[in-house]
Amino acid sequence: TRFTVEEANAFMDAAFKGRGRQNQVILMEEGRAVIRLEADETHLRPGGYISGPTQMSLADSVAYMAIMTITG
């Protein structure tokens, strides 16, 4: 793995000031990453559903991290 969990979380903290820890990287393996979102009321639509833009942001972030396990 060229990018560790610790490095990924440090990157998220630096890149997304004040919001990096809401998306916590919990796994980095060759070609694979897992991120956990700590959703709050800012992520929700009426009815308590996580909004589509929030879901797409999470998908984008985890795809980026999976690529970083290969490219560094």
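Reader: What makes up the chain, in helices and strands?

Author: The chain holds two helices and four strands, where helices (H or I, at least four residues) and strands (E, at least two) are DSSP runs, numbered from the N terminus. From the N terminus on, these elements follow the order α-β-β-β-β-α. This is a predicted model, in which local features need pLDDT of at least 70, side-chain atom pairs count only at pLDDT 80 or more, and totals for chains, interfaces and linings use all residues. Residues are numbered from 1 along each chain as its sequence is written, and side-chain values use heavy atoms, with hydrogens and water left out.

Reader: Why is phenylalanine 16 called partly exposed?

Author: Phenylalanine 16 has a relative accessibility of 44% and therefore counts as partly exposed, since buried means under 20% relative accessible area and exposed over 50%, with partly exposed in between (1.4 Å probe, protein chains only). Phenylalanine 16 lies in the loop between α1 (5–15) and β1 (23–29).

Reader: How much of the chain is buried?

Author: Of the 72 residues in the chain, 28% are buried.

Reader: What share of the contacts in the chain between residues at least 6 apart in sequence joins residues at least 24 apart?

Author: That share is 45%, where contact means heavy atoms within 4.5 Å.

Reader: How far do the C-alpha atoms of the chain extend along the principal axes?

Author: Taken along the principal axes, the C-alpha atoms fill a box of roughly 40 × 20 × 15 Å.
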